[in-house]
Amino acid sequence: MGSLRCVIVAVDGSEQSMWALEWALDNIKLAVPSEGEAHGGKWVVLHVQSPPTISAGLNPGGIPFGGPSYVEVPAFTAAIEAHQTRITEAIMARAEGICSKRNVNAEKVVVIGEPKELICETASRLQAELLVMGSHAYGTLKRNPTTTNNRPKDSFEDVSWEREQLLPL
């Protein structure tokens, strides 16, 4: 029997975040409602949508014939916002499907902004006791293109000696 009251799983649409959601639902046990309580622990699926921005390379340009070049075209901005909304809806639908296969009713939360800040802020605001996130295994070593014994290193299987050489403690 678990004792966790609030578990947040942050999803971003990657396979790793969806695997983290599946793992959490299969392995983490929430608190059961005690006498006098209507609800026990709760699951929260969190997605942080990037704020709508126009990259320099995507901006269609300013107003032609001498208009200012820093003015964004409203229709272009609206199209980007609509596209990001569709992506968010697809991510949350996929997460909802994973939850429903396991008969879990999770609260869905979408916030807009910088993920590294908003994930922590949301976890604090909701008083989460556990935050689950997927990992791309990107860290100090993203991918080691060197070879050992004429064998390419394509994964992180047995690279402990390289970490010790690259990152002395």
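**View A. Burial of strand 2 in the predicted model.** In this predicted model, strand 2 spans residues 42-49 and is mostly covered. Of its eight residues, seven are buried.

**View B. Pairing of strand 2 with strand 1.** Strand 1, formed by residues 6-10, runs parallel to strand 2, and five bridges join the two. Within this pairing, isoleucine 8 has valine 44 of strand 2 as its bridge partner.

**View C. Pairing of strand 2 with strand 3.** Strand 3 comprises residues 107-112 and pairs with strand 2 in the parallel sense. Six bridges make up this pairing. Histidine 47 stands opposite valine 110, a residue of strand 3.

View D. Helix 2 covers residues 74-101 and includes threonine 88. Threonine 88 has a relative accessibility of 6% and is therefore classed as buried, the limit being under 20%. When neighbours within four places in sequence are left aside, threonine 88 is in contact with His47, Gln49 and Val110. Two of these contact residues, His47 and Val110, also stand opposite each other in the pairing of View C.

**View E. Cysteine 6 and cysteine 99.** Cysteine 6 has a relative accessibility of 3% and therefore counts as buried. Cysteine 99 is likewise buried, with a relative accessible area of 3%. The structure contains zero disulfides.

Note on methods: Residues are numbered from 1 along each chain as its sequence is written. This is a predicted model: local features need pLDDT of at least 70, side-chain atom pairs count only at pLDDT 80 or more; totals for chains, interfaces and linings use all residues. Side-chain values use heavy atoms; hydrogens and water are left out. A disulfide is a pair of cysteine sulfur atoms within 2.5 Å. Buried means under 20% relative accessible area, exposed over 50%, partly exposed in between (1.4 Å probe, protein chains only). Helices (H or I, at least four residues) and strands (E, at least two) are DSSP runs, numbered from the N terminus. Contact means heavy atoms within 4.5 Å. Two strands pair if DSSP finds at least two bridges between them.
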